[in-house]
Amino acid sequence: MSAGRVSRVTVTPVAFRDPPLLNVVGVHQPYVLRAIVQVHTDAGLVGLGETYADQAHLDRLEAVAAALPGTDAFDLNGLRRVVESALGASTGGAGASFGGMLEVSSAVDTVAAPFEVALLDLQGKAAGRPVSDLLGGAVRERVPYSAYLFYKWAGHPGHDEDSWGEGVTPEQMVAQARRMVEEYGFTAIKLKGGVFEPGHEIETVEALASAFPGHALRIDPNGAWTVQTSIDVADRLAGVLEYLEDPTPGIDGMAEVARHTDLPLATNMCVISFDHLKPAVAADAVQVVLSDHHLWGGLRRSALLGGICETFGMGLSMHSNSHLGISLAAMTHLAAATPNLTYACDTHYPWKSEEVIRPGALEFRDGGVAVPTAPGLGVELDEDALDALHEQYLRCGQRGREDTAYMRTVVPGFTPNTARW
Ligand SMILES: O=C([O-])C(=O)C[C@H](O)[C@@H](O)C(=O)[O-]
Ligand SMILES: [Mg+2]
């Protein structure tokens, strides 16, 4: 069956509820914004993609959506040309910022990604093969994910406590981990740090290590520490962590830490596009790169990143931001088809309570998600759920990710903890 040519593209912003999760720049707002991309073809097929929905990003997605009709669903190079020219015309191709934490140097990769995923979904549907086959074939049937722990408030200000309750003390964090491990079977645990002074976060990691012996542990303070603090923490947690993620900002700072520890350093902050790879490799700044198809230009360019990491002897893991099932499907196909992605991938999935896809296609068991075998991504959009979450987007009033501004409504004068300790 032919996949056809793109006939129509819709970009639908949605909002789904999110708990008050704390991080280095502030706290998650009551809703996460995502954009659901549907690419229709003249062969009667629809391909799905998912990405951020901050207003500036939405404007860029809309510019591409208007320019894409006529493109052959197999022409991924053509997609890239369409994105480059649409962005050149609409924005000058400048970078983008998401939530004050991720600064992307090129908007092209970030904007192209959901369309590339949608075209791969179309190609798979036309060929009757799962997306993992289009990426070279699954080397694993199940993709392992990690339990992603967050310090958190009991509930959003002015609202009841949520089902997770407060997460501040080491005991509360062990309880949070226990719930995730029991419900999902995770065997790797990641603690989002950068919220409290490092001594408290180290105590939390140590409590997790004794409560979950044999689980792989990571902490990610998103650059909250100085070089010296990072070296001290690496000394203290050597033998406890599988890797230390973004302890300090920048390639130079990470390289300085790396010179003083054998603990692998991981990043999704100082290497987030292809032009960061050469200086990071030259400085031996990071030993593990967290890929993310939303930021690296889609699934095929993420596979390219995997090859580059292999060439330079760097490990590969996967980053996540709050997301829905279309992204989880894309992440799972990519991870399944990337042989050197040997670490459990991050996911925010357990934190979400609303969805746009029909149930059943993606289930966590034994800490992992079975790779869908149906054609394409293997997930189906629930149109009613999409409408409901779009209505929620229209009502919620949020138009971007503003962790710092939201924190300041509760803690006036709050400034991000970047390199604070
Ligand atoms: O690994 C990471 O750096 C992340 O997952 C970044 C996210 O923005 C996380 O900090 C969050 O959701 O607050
Ligand atoms: Mg990180």
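This is a predicted model: local features need pLDDT of at least 70, side-chain atom pairs count only at pLDDT 80 or more; totals for chains, interfaces and linings use all residues.
## Domain arrangement

The protein is divided into two parts: domain 1, made of residues 6-128 + 382-395, and domain 2, covering residues 134-370. Between the C-alpha centres of domain 1 and domain 2 the distance is 23 Å. Their contact draws 37 residues from domain 1 and 42 residues from domain 2.

On the side of domain 1 that touches domain 2, the elements giving two or more residues are the strands β1 (6-17), β2 (22-23), β4 (31-41), β5 (46-52) and β7 (102-104), together with the helices α3 and α13 (383-396). Helix α3 supplies the largest share of this side, with nine residues. By residue class, the side of domain 1 that touches domain 2 comprises 22 nonpolar, eight polar and seven charged residues.

## Ligand 1

Ligand 1 has 13 residues around it, and those that come nearest are Asn-23, Asp-220, Asn-268, His-319 and Asn-321. The shell around ligand 1 consists of eight polar, three charged and two nonpolar residues.

Both domain 1 (6-128 + 382-395) and domain 2 (134-370) contribute residues to this shell, and ligand 1 therefore lies between them.

## Helix α3 and its contact with α11

Helix α3 spans residues 107-127 and helix α11 spans residues 299-311; their axes come within 8 Å and cross at roughly 110°. An angle from 65 to 115 degrees counts as roughly perpendicular, and α3 is therefore roughly perpendicular to α11.

From α3, the residues making the contact are Asp-109, Glu-116, Val-117 and Leu-120, and from α11 they are Leu-299, Arg-300 and Arg-301. The contact of α3 with α11 includes four charged and three nonpolar residues, with no polar ones.

## Helix α3 and its contact with α1

Helix α1 (residues 55-67) also packs with α3, here at an angle of about 60° and with the axes 10 Å apart. The two helices, α1 and α3, are therefore oblique to each other. The crossing in which α1 passes α3 is right-handed.

Arg-60, Leu-61 and Val-64 of α1 meet Ala-107, Val-111 and Phe-115 of α3. Five residues of the contact of α1 with α3 are nonpolar, one is charged and none is polar.

## Contact of α7 with α8

Helix α7, residues 227-237, packs with helix α8, residues 251-258, at an angle of about 40°; their axes are 9 Å apart. The relation of α7 to α8 is therefore oblique. Their crossing is right-handed.

On the α7 side the contact involves Val-227, Ser-230, Ile-231 and Ala-234, whereas α8 provides Gly-253, Glu-256 and Val-257. Four of the residues in the contact of α7 with α8 are nonpolar, two are polar and one is charged.

Terms used: Residues are numbered from 1 along each chain as its sequence is written. Chains are lettered from A and ligands numbered from 1 in the order in which they are written. Axes are lines fitted to C-alpha atoms, for helices over the stretch in contact, and angles run from 0 to 180 degrees between N-to-C directions. Helices (H or I, at least four residues) and strands (E, at least two) are DSSP runs, numbered from the N terminus. Angles under 35 degrees count as roughly parallel, over 145 as roughly antiparallel, 65 to 115 as roughly perpendicular and the rest as oblique. A crossing is left-handed if the near helix is turned anticlockwise from the far one by less than a right angle, and right-handed if clockwise. Two residues are in contact if their C-beta atoms, placed from the backbone, lie within 7 Å. Ala, Val, Leu, Ile, Met, Phe, Trp, Tyr, Cys and Pro count as nonpolar, Asp, Glu, Lys and Arg as charged, and the others, Gly among them, as polar. A residue is near a molecule or strand if its C-beta atom, placed from the backbone, lies within 6 Å of it. Domain bounds come from an automatic or database domain assignment.
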